[in-house]
Amino acid sequence: MTAPSETEEGNRIFISKRLSCFLVFVAFCGALIGSVLISVSLYLEMKKGLETVALQNAYTVSETIFNSLYQLMRKGVKSSELLEIIRIFESLNQNNQVKIYLFTPRSMQHLNGLPKVRRAFTQGKEWRQLEESRLFLVKPIVAKYECIACHTEAKSGDILGVIQIEYDLESEFSYIKRKILVILGLLFVFPLLVAALISYVLRTKISKKIEGLHRELERIRKVSDLSELNIERIDFSFQEFNSIRDEVAYFVDRVRKIAIDKDILEFQMKFLENFVITSEAVIDWEYIVINALDGISDKICFTFFFVIFREEGEDFYAYIFWNTRVHGDCQRRVEELIEKHLRSSGAWEKEAGITYIHREVETKRSPEKRPVEDLEAYTRVLVLEKPLIGGALGLGMNLLDVQSEIKGLAVQSVLPTLLNIVGSAKAIHKYTKELEYYATRDPLTELYNQRVLWELLDYEVERARRHNYKFAFLIVDIDNFKLINDAYGHEFGDQMLKGIAGILRDMFRKEDLVARYGGDEFAMVLPYAGEEQAYSVALRLLKNIEEFSLVSPEGRKVKATASIGIAVFPDHARDAKQLFLIADNMLYKAKREGKNKVALPSPEDLSLIAEEVLKKSSILSTAVEEKRVLPYFQPIVDVHTLEARAYEVLMRIEQPDGRILPAREFIHIAETSGLLQRMDLTLLENAVRKISAESTEVEFFFNLSPKSLVLPSFIEEVRHILRKYDVPPHRIVFELTERETVKNLKILRDFVRKLKKDGFKFAVDDFGSGFSSFTYIKHFPIDYLKIEGDFIRSMARNKVDLALVQSAVTLARTLDIKTIAEFVEDEEIFRKVREVGIDLAQGYYLGKPRREIGGP
């Protein structure tokens with residue numbers, strides 16, 4: 001706010017003069033109106049009085065004339081003499097104000113223009129009327145007994161004549177008007193003088209108060225000056241002006257609060273803009289905090305900032321970030337402050353310990369002195385009774401800008417938000433580390449998972465081919481594991497799998513690859529191992545598994561056995577898929593021969609397997625030609641309404657004998673033989689034909705290889721099929737899988753974006769099970785995340801799996817992506833799926849794959 005200019009000062013004086021003139025004008029108008037009203041009232045009263053007096057005079061004159069005439073008529077005066085006497089009466093009246101007329105019965109014929117006189121003759125009633133300034137009195141002369149002597153023809157009570165007296169009041173009215181004008185002048189001047197005096201007094205008194213108000217307002221230069229403004233002490237001596245003053249004071253107070261709130265909000269925004277969760281949180285949550293503290297140091301000077309964490313059933317951890325070099329005494333005092341707040345919040349438990357981690361940070365504005373003496377008074381602290389996400393329980397900041405009320409309020413108000421941000425950063429860091437780990441590991445056994453197995457198996461094939469060495473591939477399956485699960489429960493079954501995984505981990509070398517392929521199957525890659533060495537290792541493994549046992553909840557000792565199939569590169573196969581196929585066949589051979597055995601392929605086995613592969617390849621090729629690649633539809637339901645929102649289209653092969661082959665029996669052969677893309681198109685066309693007949697707008701998920709999506713001919717064929725059956729692209733969702741990886745992600749990304757513009761949607765299949773899942777979600781416009789089924793099945797019993805699912809849900813919500821749970825096989829899993837906030841679900845518990853959409 002700037003000082004007032006000369007123009008503003010002149011305007012202020014002008015406003016004061018204008019107020020004075022206004023008061024004088026109001027007083028003038030009031031005096032004028034009052035005087036006029038008084039004069040008019042006075043004139044009307046005087047006129048009324050004059051009329052009354054004139055009427056009395058007229059009566060007196062008429063009575064006098066009448067009595068005189070009566071006396072004269074008694075003496076026998078003639079009419080001519082009587083008229084002469086009347087003229088004498090008129091001449092006696094000064095200024096001829098009175099005119100007297102005598103009417104006799106003989107003059108009745110001349111009374112057509114005098115209705116009042118005629119009425120007096122006929123009705124015998126007197127009449128009076130004031131017309132402007134003339135008063136008329138008409139009075140009949142009634143015959144008495146004495147009159148009959150002269151008027152022999154008359155009787156007593158007859159009308160002998162009428163006297164009309166006309167009284168002119170013009171001179172009296174003129175006199176009254178002159179007197180009233182004099183009085184009006186006197187009445188007008190006096191109120192005007194009084195009004196001028198009052199105006200002067202008011203102007204002098206009010207102008208001083210207004211000037212005082214101006215001086216108060218001129219002192220305001222910034223928002224903080226509003227707090228020193230005090231206009232309540234200005235007394236205008238008039239309740240009306242004081243009411244206006246009070247309203248202004250109330251308005252100023254509101255403005256002050258709004259301005260302070262605005263300053264607080266602006267400071268909060270500047271303060272919080274440094275605490276933003278960026279991609280660095282994946283690397284280190286502490287980096288986020290340190291970087292943010294450096295960013296806010298130019299806005300507020302602080303000594304330390306601390307954060308308290310506690311995860312389920314664990315001790316407390318307090319991270320204290322110092323903005324200065326400190327000694328042990330300062331550290332100890334802050335630790336005591338933290339413990340005090342933990343106890344007062346109700347979060348402290350006697351058996352719980354607390355670990356302090358002190359960090360020194362360098363910021364743009366470090367305090368030059370040690371922490372303030374009154375540590376608690378200048379520390380803003382928030383501690384909760386229960387931890388938030390990431391285990392965040394509380395935090396606090398010691399301020400040196402204690403003189404700033406706004407900064408103190410701003411920091412205090414953002415503490416809850418800050419606690420959420422820091423907790424989220426730590427949670428993201430923790431979950432990301434877990435996701436990175438379990439993207440390659442099986443959560444239950446912590447062995448490598450299936451995706452890593454395939455990648456490393458491909459890698460080992462290429463390396464062995466290049467360096468010309470052999471390696472063995474083993475598949476291990478626990479015998480009768482389903483019976484163990486059914487008899488002792490899934491939790492006991494999980495403990496059995498973990499125990500066997502420990503045996504595998506202890507037995508094999510560091511250079512060996514040990515993985516859990518899925519369920520109760522394990523796989524191993526043994527570099528530089530031939531048939532003999534692989535067979536020896538397998539026998540030793542069977543023995544160790546046979547010796548292993550667990551005690552069941554009922555106290556029984558439970559043992560297990562296993563079957564193992566072996567294949568050796570390059571003796572038995574030339575690529576990873578063939579190697580797996582042979583080892584898998586050997587595994588089932590071991591089971592057919594009685595279980596708890598090791599099976600190596602003989603030449604006859606290899607020949608039979610080759611024949612089986614050729615047979616199935618032929619079946620697949622014929623199925624494609626004859627369009628016998630059938631779509632089966634499995635519902636994907638809303639977890640809250642149980643309404644089918646979509647269907648996943650699964651591939652089945654119908655054999656000539658009518659038997660239906662599930663995908664697991666031919667998918668590897670289809671990939672190896674190069675038939676998969678043609679099968680995908682056939683499946684798509686058969687499914688779209690059925691979809692076109694449906695009136696619902698549900699979506700349909702197709703599980704396609706990324707290698708198919710980068711082929712222009714494949715995409716054009718997809719578009720052609722949809723146009724042919726008039727199915728809009730927005731009802732089609734392509735699931736991106738890692739069944740076959742694409743090395744050039746840029747090409748895949750370009751194709752996906754083009755299809756997205758056409759209206760197609762995309763989902764990431766088996767999210768969290770491999771590296772590509774994160775690559776897809778980072779680079780592609782994803783609509784759905786289908787969370788890895790192994791995580792879903794185990795999350796009710798395994799907190800690691802539960803944490804991974806929760807982190808996937810949190811990530812999806814942040815990116816506005818819908819989540820789908822796979823493998824929902826029972827009510828317990830479904831209930832847990834709903835609890836963690838997953839949007840959609842599919843599995844045998846909710847609906848099995850069927851040939852018809854929504855069919856039984």
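## Salt bridges in a predicted model

Asp-479 and Lys-591 are both buried (under 20% relative accessible area, with exposed over 50% and partly exposed in between; 1.4 Å probe, protein chains only). The model is predicted: local features need pLDDT of at least 70, side-chain atom pairs count only at pLDDT 80 or more, and totals for chains, interfaces and linings use all residues. Residues are numbered from 1 along each chain as its sequence is written, and side-chain values use heavy atoms, without hydrogens and water.

The structure contains 29 salt bridges, each defined as a side-chain nitrogen of Lys or Arg within 4 Å of a carboxyl oxygen of Asp or Glu. Three of these pairs are tabulated here.

| Pair | N to O distance |
|---|---|
| Asp-479 and Lys-591 | 2.8 Å |
| Glu-685 and Lys-627 | 3.6 Å |
| Glu-852 and Lys-690 | 3.3 Å |

Asp-479 sits in the loop between strand S10 (471-478) and helix H11 (481-488), and Lys-591 in helix H14 (residues 576-592), so their bridge ties together parts 112 residues apart in sequence. Helices (H or I, at least four residues) and strands (E, at least two) are DSSP runs, numbered from the N terminus.

Glu-685 belongs to helix H17 (residues 676-692) and Lys-627 to the loop between helix H15 (603-625) and strand S17 (629-638), so this pair ties together parts 58 residues apart in sequence. Glu-685 is buried because its relative accessibility is 12%, whereas Lys-627, at 42%, counts as partly exposed.

Glu-852, in the segment after strand S25 (840-841), and Lys-690, in helix H17, link distant parts of the chain, 162 residues apart. Glu-852 is partly exposed at 46% relative accessibility, and Lys-690 is partly exposed at 25% relative accessible area.
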